[in-house]
Structures are given as structure tokens and as C-alpha cells.
Amino acid sequence: MTTATLTAAQRADLIEIGKDLAACERALASGHTPAISTTPNGRDIRLAPGGFQVQPENDNYWLTVPTIDAAMDAFERPENYRD
């Protein structure tokens, strides 16, 4: 099994929302991207290697951003996060 390391931003965000850091690291190490929060319309915000993933409000692709706050912003303003 691979070791997954959470970034400092991920650790801070996960602690703030009461998530178990060890469980999150295990999920990432197993290749999972667990849902750790939701957007206002119920879409998942997922933990991913190096950040968080979210689908914009009216689209079906995933954006990866460094923080949960950025995920909420990317949900509403995806144009600011596209490559």
C-alpha cells in the first residue's frame, strides 16, 4: 500500500470540519477520493492527492484545488480555476 501524505492545507481544513486525518490518509493511500463535504446543491467535495476536487455548479468535470474554500469558489466560479 502506498503512503499518502496530506498537505498542511488539507490537514488544517480536515481538522476544521472534524474529519479523522488517519482515515483520510488511509483512503487516499488506497486510491480513493472520499467525499468530505458538499456544495450548496449537494455535489461532493472530495479529498484528492494534493488538494480537494469539486464539480462546478453547472458542469460535469472535476477541478482540483488546494483548499475547501477554494473548492467552494471553484464550484461557483470555475473559470478562475481552469488550466
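Trainee: How many residues lie between β1 and β2 in their hairpin?
Mentor: The hairpin of β1 and β2 has five residues between its strands, and glycine 42 in the turn has a positive phi of about 90°. Strands here are DSSP runs of E with at least two residues, helices are runs of H or I with at least four, and both are numbered from the N terminus. This is a predicted model, in which local features need pLDDT of at least 70 and side-chain atom pairs count only at pLDDT 80 or more, while totals for chains, interfaces and linings use all residues. Residues are numbered from 1 along each chain as its sequence is written, and side-chain values use heavy atoms, with hydrogens and water left out.

Trainee: How many bridges join β1 to β2?
Mentor: Three bridges join them, and the two strands run antiparallel. Two strands count as paired if DSSP finds at least two bridges between them. Alanine 35 has arginine 46 in β2 as its bridge partner, and threonine 38 has aspartate 44 in β2.

Trainee: Which residue in the turn between β2 and β3 has a positive phi?
Mentor: That residue is glycine 50, with a phi of about 80°; this hairpin has two residues between its strands. Strand β2 covers residues 44-48 and β3 covers residues 51-54; four bridges join them in an antiparallel arrangement. Leucine 47 is partnered by phenylalanine 52 in β3, and isoleucine 45 stands opposite valine 54 in β3.

Trainee: What does valine 54 stand opposite in β4?
Mentor: Valine 54 stands opposite leucine 63 in β4. Three bridges join β3 to β4, and these strands also run antiparallel.

Trainee: In what order do the four strands sit in the sheet?
Mentor: The order is β1-β2-β3-β4, in an open sheet with antiparallel pairing. The edge strands are β1 (35-38) and β4 (63-65), each of which pairs on one side only. From one strand to the next, the twist averages 30°.

Trainee: Which helix lies across those strands?
Mentor: Helix α3, residues 68-76, lies across β1, β2, β3 and β4 and runs at about 25° to β3. Such angles run from 0 to 180 degrees between N-to-C directions, with axes fitted as lines to C-alpha atoms, for helices over the stretch in contact. Contact means heavy atoms within 4.5 Å.

Trainee: Changing topic, at what angle do α1 and α2 cross?
Mentor: The axes of α1 (residues 8-16) and α2 (residues 21-29) cross at roughly 125° and come within 10 Å. The two helices are therefore oblique to each other; under 35 degrees counts as roughly parallel, over 145 as roughly antiparallel, 65 to 115 as roughly perpendicular and the rest as oblique.

Trainee: Which residues meet there?
Mentor: Arg11, Leu14 and Ile15 in α1 meet Leu21, Cys24 and Glu25 in α2.

Trainee: What links glutamate 25 and arginine 11?
Mentor: Their side chains meet in a salt bridge, at 3.3 Å from N to O. A salt bridge is a side-chain nitrogen of Lys or Arg within 4 Å of a carboxyl oxygen of Asp or Glu. Glutamate 25 in α2 and arginine 11 in α1 are 14 residues apart, so the pair links distant parts of the chain.
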